[in-house]
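Hi,

Here is the structure I promised to pass on. Have a look at it first, and then read my notes below.

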Amino acid sequence: MEMAPNSQNIVKSMLRAEGFSCPSCVGKIEKQVGRLKGVEDVKVHFASSRIEVEHDPEVVSVDDVVAAVGKAGYKARASAF
């Protein structure tokens with residue numbers, strides 16, 4: 001029996017991205033990260049190279065998100081701001 005996800009486990013993580021060259025990069029990253037199970041929302045800020053991800057850390061880790069950004073062709077790392 002599969003349990004329904006508990007929305008109280010959602011946290012917001014910030015990542016700093018590298019390798020952005022155009023606004024279309026935003027769509028590629030949002031699409032790739034948004035496919036991850038456990039990701040509720042993803043916003044990429046082109047001007048500041050920030051990625052905000054709302055996710056369930058028990059389902060998808062920050063490392064998983066960094067790997068998804070890598071699959072999209074960009075580098076990212078966890079950031080405090």
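Before going on, some housekeeping. This is a predicted model, where local features need pLDDT of at least 70 and side-chain atom pairs count only at pLDDT 80 or more, while totals for chains, interfaces and linings use all residues. Residues are numbered from 1 along each chain as its sequence is written, and side-chain values use heavy atoms, with hydrogens and water left out.

Back to Val33. With a relative accessible area of 0%, Val33 is buried (buried means under 20% relative accessible area, exposed over 50%, partly exposed in between, with a 1.4 Å probe and protein chains only). Leaving aside neighbours within four places in sequence, Val33 is in contact with Val39, Val42, Val53, Val65, Ala68 and Val69, where contact means heavy atoms within 4.5 Å. The C-alpha atoms of Val33 and Lys43 are separated by 9.6 Å, and the two residues are 10 residues apart along the chain.

Next, the aromatics. There are two aromatic pairs, counting rings of Phe, Tyr and Trp (its six-membered ring) with centres within 6.5 Å; planes under 30 degrees apart are stacked, over 60 edge-to-face and the rest tilted. The ring centres of Phe20 and Phe46 are 6.0 Å apart with the planes at 5°, so this pair is stacked. Phe20 lies in the loop between strand E1 (11-18) and helix H1 (24-34), and Phe46 in the loop between strand E2 (39-45) and strand E3 (50-55), so the pair ties together parts that are 26 residues apart in sequence. Phe20 is buried at 16% relative accessible area, whereas Phe46 is partly exposed at 34%. The rings of Phe20 and Tyr74 have centres 6.1 Å apart and planes at 80°, so that pair is edge-to-face. It links distant parts of the chain, since Tyr74 is in the loop between helix H2 (62-71) and strand E4 (75-79), 54 residues from Phe20. Tyr74 is buried, as is Phe20. Together, Phe20, Phe46 and Tyr74 form one aromatic cluster.

On to the charges. The whole structure has four salt bridges, each a side-chain nitrogen of Lys or Arg within 4 Å of a carboxyl oxygen of Asp or Glu. Glu52, in strand E3, is buried at 13% relative accessibility. Its side chain meets that of Lys12 in a salt bridge (3.3 Å, N to O). This pair links distant parts of the chain, with Lys12 in strand E1, 40 residues apart from Glu52. Lys12 is exposed at 52%. Glu52 also forms a salt bridge with Arg50, with the closest N and O atoms 2.9 Å apart, and Arg50 is partly exposed at 23%. Salt bridges that share partners join Lys12, Arg50 and Glu52 into one network.

Another salt bridge joins the side chains of Arg77 and Glu18 (3.8 Å, N to O). Arg77 lies in strand E4 and Glu18 in strand E1, so the pair ties together parts 59 residues apart in sequence. Arg77 is partly exposed at 45%, and Glu18 is partly exposed at 40%.

Last, the cysteines. How many disulfides does the structure hold? It holds zero disulfides, a disulfide being a pair of cysteine sulfur atoms within 2.5 Å. The sulfur of Cys25 is 3.3 Å from the closest cysteine sulfur, in Cys22, which is too far for a bond. Cys25 is buried at 2% relative accessibility, while Cys22 is partly exposed at 26%.

Cheers

Terms used: Helices (H or I, at least four residues) and strands (E, at least two) are DSSP runs, numbered from the N terminus.
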